[in-house]
Amino acid sequence: MAPWLLDPQHRPMLDDWLGPSTLFAFDFDGTLAPIVDDPAEARMSPSTWTQLDRLARLAPVAVVSGRAREDLTARVPPAVGYLIGNHGNEGLPGGDADTRERRHICAFWESRLREDASLWRAAQGAQIENKGLTLSLHYRHCENPAWGRSLLLARATRLVPVPRIIRGHAVFNLLPPGTVTKREALEALMRHTRCERLVVFGDDVTDELAFRDAPDNWLTVRVGASMDTAARYHLESVEEMGWLVGHAVGCVHHAAQDEPEPQQGQQQRR
């Protein structure tokens with residue numbers, strides 16, 4: 001298991017990372033907000049909202065989520081400069097030139113899946129969510145989630161063109177050819193912001209793609225203890241995540257006072 005980030009022995013290292021030249025990147029569900037049965041009800045706590053808003057006014061902050069960007073808009077403080085949806089495929093600076101083909105593929109996949117009546121009889125409770133640039137198959141509410149997962153996975157692998165399948169919490173995310181993952185999205189954000197360091201928080205398989213073989217200037221943090229993570233550190237819970245965002249505000253503010261021209265957070269969402 002990755003070491004606990006809030007262990008007092010790690011505090012000097014942590015505080016050194018939390019500066020105005022650091023890019024802070026967060027997943028949303030399970031990281032800034034608790035996982036809930038109905039994704040439409042997911043919200044971060046008022047205190048986390050307030051602290052994230054403050055942090056985004058001091059340093060570059062990105063929320064990189066599997067949700068559609070439009071869905072994230074009301075769930076994240078306006079001061080957050082980079083709101084990246086669909087696992088890094090929506091809202092990335094310079095990355096939305098032409099999405100027509102990917103939208104067409106997702107619509108085609110959705111139609112083929114919905115036409116499969118035998119699938120929905122066997123996996124009652126399963127749901128399709130078309131996010132425009134990616135497709136998600138949810139099995140949380142299946143009577144037998146394990147059976148629903150098996151059925152959906154088998155059907156998804158027969159789609160044409162074959163999707164890149166990334167697992168999440170009781171969900172399969174289907175990515176069309178040519179899409180990026182969170183790893184590539186974070187690399188692009190680092191180039192765009194010209195930040196020296198990245199601190200990235202996540203709780204899911206999609207985040208593990210970013211954690212694996214991360215460069216030395218990336219501090220990777222898994223939210224939720226896991227025996228199978230490539231992250232360098234972990235936090236126990238979303239509640240600890242809220243405390244850490246507040247702590248980062250203090251560290252960034254203090255570090256910025258020592259810099260003649262501190263790098264400011266993005267005041268206008270891109």
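The largest cavity has a volume of about 50 Å³, in a structure that is a predicted model. One cavity of 30 Å³ or more is present. The largest pocket, by comparison of topic, has a volume of about 570 Å³. The points below treat these spaces, the nonpolar cores, the ring contacts and selected residues in turn.

**Cavity**

- The lining of the largest cavity consists of A25, F26, D27, V64, K182, L186, V200, F201, D207, A210 and F211.
- At least two lining residues come from each of β1, α7, β8 and α8 (205-211).
- With three residues, α8 gives the most to this lining.
- Two of the lining residues, F26 and F201, are both buried.

**Largest pocket**

- The volume of the largest pocket is about 570 Å³, and 28 residues line the pocket.
- D29, P39, K131, H138 and V171 are the lining residues closest to the centre of the pocket.
- β4 (127-130), β5 and β7 each contribute at least two residues to the lining of this pocket.

**Nonpolar cores**

- The largest nonpolar core has 39 residues, of which F24, F26, F28, L55 and F201 touch the most other members.
- Elements that each supply at least two residues of this core are α1 (11-17), β1 (22-26), α2 (46-56), β2 (61-64), β8 (197-202), β9 (218-223), β10 (233-235) and α9 (238-257).
- The largest share of this core comes from α9, which supplies eight residues.
- A second, separate core has 20 residues, including M190, L198, W218 and A231.
- Apart from neighbours within four places in sequence, F28 is in contact with A33, A42, M44, V63, S65, R67, L72, R75 and V76.

**Aromatic pairs and a charge over a ring**

- A pair of aromatic rings is described by the distance of the centres and the angle of the planes.
- The count of aromatic pairs is two.
- F26 and F201 form a stacked pair, because their ring centres are 5.1 Å apart and their planes are at 10 degrees.
- Since F26 lies in strand β1 and F201 in strand β8, this pair ties together parts that are 175 residues apart in sequence.
- Y139 and F172 form a tilted pair, because their ring centres are 5.6 Å apart and their planes are at 45 degrees.
- Y139 lies in the loop between β5 (135-138) and α6 (145-156) and F172 lies in strand β7 (residues 171-175), so this pair ties together parts that are 33 residues apart in sequence.
- Y139 counts as buried at 8% relative accessibility, and F172 is buried with a relative accessible area of 0%.
- Separately, the charged end of R197 sits over the ring of W17, at 4.6 Å from the ring centre.

- E196 is located in the loop between α7 (182-193) and β8.
- E196 counts as exposed, because its relative accessibility is 57% and the cut-off for exposed is over 50%.
- Beyond its neighbours within four places in sequence, E196 is in contact with S21, M190 and N217.
- The C-alpha atoms of E196 and S21 are 6.0 Å apart in space, although the two residues are 175 apart in sequence.
- D53 belongs to helix α2 and touches P77 and A79, not counting residues up to four places away in sequence.
- D53 is buried, because its relative accessible area of 16% falls under the 20% cut-off.

**Backbone features**

- Most residues other than glycine have a negative phi, and most peptide bonds are trans.
- The peptide bond from V160 to P161 is cis, with omega near -5 degrees.
- P161 is found in the loop between α6 and β6 (164-168).
- R194, a residue other than glycine, has a positive phi near 60 degrees.
- The loop between α7 and β8 holds R194, which is exposed with a relative accessible area of 74%.
- D213 is not a glycine, yet has a positive phi of about 55 degrees.
- D213 lies in the loop between α8 and β9 and counts as exposed at 69% relative accessibility.

Key: Residues are numbered from 1 along each chain as its sequence is written. This is a predicted model: local features need pLDDT of at least 70, side-chain atom pairs count only at pLDDT 80 or more; totals for chains, interfaces and linings use all residues. Side-chain values use heavy atoms; hydrogens and water are left out. A nonpolar core is a set of buried Ala, Val, Leu, Ile, Met, Phe, Trp, Tyr and Cys residues joined through side-chain atoms within 4.5 Å. Buried means under 20% relative accessible area, exposed over 50%, partly exposed in between (1.4 Å probe, protein chains only). Helices (H or I, at least four residues) and strands (E, at least two) are DSSP runs, numbered from the N terminus. Contact means heavy atoms within 4.5 Å. Rings of Phe, Tyr and Trp (its six-membered ring) pair if their centres lie within 6.5 Å; planes under 30 degrees apart count as stacked, over 60 as edge-to-face and the rest as tilted. A charge sits over a ring if NZ of Lys or CZ of Arg is within 6 Å of the ring centre and within 35 degrees of the ring normal. On a 1 Å grid over the protein atoms alone, a cavity is a set of points where a 1.4 Å probe fits but cannot get out, and a pocket is an open set with protein on both sides within 12 Å along at least five of seven lines; lining residues have an atom within 4 Å of a point. Grid points are joined across faces, edges and corners, and a volume is the space filled by probe spheres set on the points.
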